[in-house]
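Let's take a walk through this one together. Have the viewer open and follow along.

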Amino acid sequence: MQPTIPDVVQTIPLPYYIWFASALFVIGIVGVLTRRNAIIIFMSVEVMLNAVNLLLVAFSAYRSDPAGQVFVFFIMAVAAAEVSVGLAIIVMIYRNIQSIDIGLLNRLKG
Amino acid sequence: MSLLLLIPLLPLIGFLINGIGFRKIPKTLVGLIGAGTVVASFACVLFLFLNFDGQPRVEKVYDWITVGNLNLSFSFQLDQLSLLFMLIITGVGSLIHLYSIGYMKHDEGFGKFFAFLNLFIFFMLLLVMGSNYVILFIGWEGVGLCSYLLIGFWNKNANYGDAARKAFIMNRIGDLGYLLAVFLILTNFGSVEFTDVFRQAAGLKAGNSTILWITLLLFVGAMGKSAQIPLYTWLPDAMAGPTPVSALIHAATMVTAGIYMIVRSNLLYTLAPVTLEVVGWIGLATALLGASIGLFQNDIKKILAYSTVSQLGYMFMGLGVAAYTPAAFHVMTHAFFKALLFLGAGSVIHAMSNEQDIRNMGGLRKALPITFLTFLIGTIAIAGIPPFAGFFSKDEILLHVFEHNKLMWGIGVFTSMLTSFYMFRLLFLVFFGNFRGTHEQQHHLHESPLTMTLPLMALALLSAIGGFFNVPEVLGGGAKLANFLAPLFAAAQNVRPEAFAMAELSHSTELALMIGSVAVAMIGLAAAYVIFISRKTVPVGEGQEHGLQKVIYHKYYVDELYDAVFVRPVNALSVFFHQVIDFLLIDLLVEGVGKFVKGLSKEFRLAQTGATGFYIFAMVIGIAALLAWSLRGLILG
């Protein structure tokens with residue numbers, strides 16, 4: 001009998017997923033905190049998102065609850081829309097200051 | 001539409017037309033509308049008067065306020081008293097309107113002036129026609145407003161504005177008394193309709209304390225409107241308005257309101273002997289005070305103003321001895337001769353190019369023959385020399401006062417002598433002797449146009465024959481007015497007959513009293529003649545008065561007294577509240593809150609560095625902290 005996707009997923013123990021997702025998430029955080037290039041920061045944010053997605057899929061499979069996977073699809077669709085907006089903002093920033101270094105965007109201060 | 005409704009409505013329409021369109025309507029039309037509506041209203045009153053069957057009736061226009069047990073209707077009362085006052089108001093009012101057409105011809109506010117005059121007549125008619133105390137109060141407040149508007153009519157002069165405010169404020173003090181009285185009436189009788197109130201009051205005993213308070217408070221209202229001590233000071237200052245306004249205020253409207261109100265409430269007053277006593281003495285004091293101040297004034301209008309104060313005092317003295325008819329009679333004759341005197345004075349001022357000081361006049365009888373003749377008639381009438389109007393009414397009041405209290409009578413007669421003296425002083429100084437004004441003024445002297453002299457002649461005629469409406473029995477008259485008004489006092493006479501009881505004076509005593517008062521008037525006349533014609537005395541210039549004369553010339557320093565006792569303390573209190581309470585207390589609190597928030601935000605705004613990296617860092621730290629907090633059980637085991 002052909003194994004189902006949950007079965008395939010479950011061949012790897014759950015803690016592995018958690019550790020992997022956490023590692024991805026921390027990589028994302030570190031990227032956001034340390035890099036000054038807007039596009040890299042943006043990519044790091046995506047990494048963090050996908051870390052969460054992975055975790056959701058893993059839990060969904062282990063609990064045999066499809067709701068988690070539905071969530072993931074929503075997050076992907078929204079993230080796609082968000083990417084287009086985010087990239088458009090970065091393009092506009094570049095047009096205005098000929099750079100995408102967020103260190104230069106400090107004029108809005110108290 | 002009922003004719004009764006039309007009477008106040010016509011002046012109101014005149015007011016609306018002139019008030020809204022005074023910039024566009026040509027002057028001739030303004031005068032026509034202004035005077036026409038009042039004349040038409042007079043015609044309506046006359047028609048009603050001639051068809052009056054002696055039965056008072058109340059005509060309801062609509063239900064005004066209906067709340068719970070309170071039911072106020074907007075209704076008009078037609079009876080002997082309202083008819084008499086309506087005749088005076090619209091009759092004398094028409095003549096004054098007519099006169100104003102000539103007098104105000106060159107004024108830029110012509111249309112506005114007529115609008116205000118019409119409004120004045122409207123409110124005064126409302127006052128005397130209303131069938132309850134509340135409608136009366138609407139008119140009462142309305143005339144106060146109109147007097148303010150008209151006294152301050154030449155509003156570019158700050159002094160005139162002050163005079164207008166003074167009149168308004170003095171009236172407000174009185175109005176408060178009136179209002180309290182109305183509340184008392186409402187709580188005690190459950191109604192403010194005259195008929196209801198009087199029917200219930202008729203069952204009460206004389207000397208009832210509620211009635212005492214009601215009547216006293218009503219009298220406070222009357223003090224304000226009718227310029228009695230201590231609220232009289234606004235009236236002389238009201239001279240700031242154009243002369244026809246003075247005539248209107250002093251003769252046809254406004255000051256007679258207090259008398260009307262008391263005569264209307266005669267039942268209540270009859271039930272309160274104490275109040276009557278107060279009214280009488282205050283009236284007497286006002287009469288004496290007004291007359292004595294009039295002796296030394298030099299402004300033609302001021303003299304007349306104090307004479308009004310004094311004559312009003314007479315009327316209240318009459319009311320105080322329950323001589324309601326003579327008081328109403330004196331209102332009527334006074335309306336004739338005082339309107340005449342004021343309009344005559346206006347004619348003189350007009351001819352003298354706005355000069356009002358009698359020291360600069362003299363010898364005007366040749367230049368202004370009609371004004372002189374009519375003024376002479378007015379003077380004789382007010383001095384109380386028969387057979388002119390003032391004699392009959394004043395003498396009747398004095399007769400009743402003699403019955404009541406001999407001392408009061410004595411002072412009254414003395415006042416009458418003063419009246420005669422200062423009026424003839426005025427007449428002699430203005431119309432006799434040599435001209436004392438500038439050459440330019442002399443050149444300019446001219447008799448007034450027909451629109452001004454015609455009302456003078458009509459009023460002179462009325463002043464001459466007005467007394468014959470109520471000739472006492474002893475002189476072979478029928479006392480027509482007294483019989484006409486008698487039904488008004490029937491109820492009061494029922495509850496307390498002794499207030500009206502006249503010990504049968506023998507005709508000879510009555511005649512002797514009359515001869516006495518005439519003789520006294522003659523003495524005043526003779527004294528004035530000797531001083532101002534034979535000796536050609538001219539009043540001394542400003543600041544040269546001595547002793548008593550100086551005190552009287554400065555009106556007994558009453559204005560200064562009020563200033564010191566009321567105005568300055570209030571001002572000081574205002575300054576205190578402004579500087580201490582407002583600046584120190586309230587500002588400290590309000591500004592303190594603002595300053596605190598401002599200072600705090602000044603520190604906090606530094607957190608907004610503008611560096612995106614810092615914001616993200618803060619966010620991550622924040623999320624981590626939240627996470628740690630929510631998972632604290634897991635971490636700490």
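Which domains does the domain assignment of chain B give? Domain 1 covers 329-539 and domain 2 covers 560-631, with bounds that come from an automatic or database domain assignment. Taken over C-alpha atoms, the centres of these two domains of chain B are separated by 71 Å.

A bit of housekeeping: this is a predicted model, where local features need pLDDT of at least 70 and side-chain atom pairs count only at pLDDT 80 or more, while totals for chains, interfaces and linings use all residues. Residues are numbered from 1 along each chain as its sequence is written, chains are lettered from A and ligands numbered from 1 in the order in which they are written, and side-chain values use heavy atoms, with hydrogens and water left out.

Now zoom in on B:Gln311, which sits in helix α14 (residues 300-320) of chain B; helices here are DSSP runs of H or I, at least four residues, numbered from the N terminus. B:Gln311 is buried, at 0% relative accessible area (buried means under 20%, with a 1.4 Å probe and protein chains only). Leaving aside residues up to four places away in sequence, B:Gln311 touches B:His330, B:His334, B:Lys338, B:Ile382, B:Lys394 and B:Thr419, where contact means heavy atoms within 4.5 Å.

Next, the interface. Nine residues from chain A and 11 residues from chain B take part in the contact. Between them, chain A and chain B bury about 750 Å², 67% of it on carbon and sulfur atoms; that is accessible area (1.4 Å probe) lost on putting the two parts together, summed over both.

Methods:
Helix = DSSP H or I, 4+ residues; strand = E, 2+ residues; numbered from the N terminus. Buried < 20%, exposed > 50% of the residue type's maximum accessible area, 1.4 Å probe, protein only.
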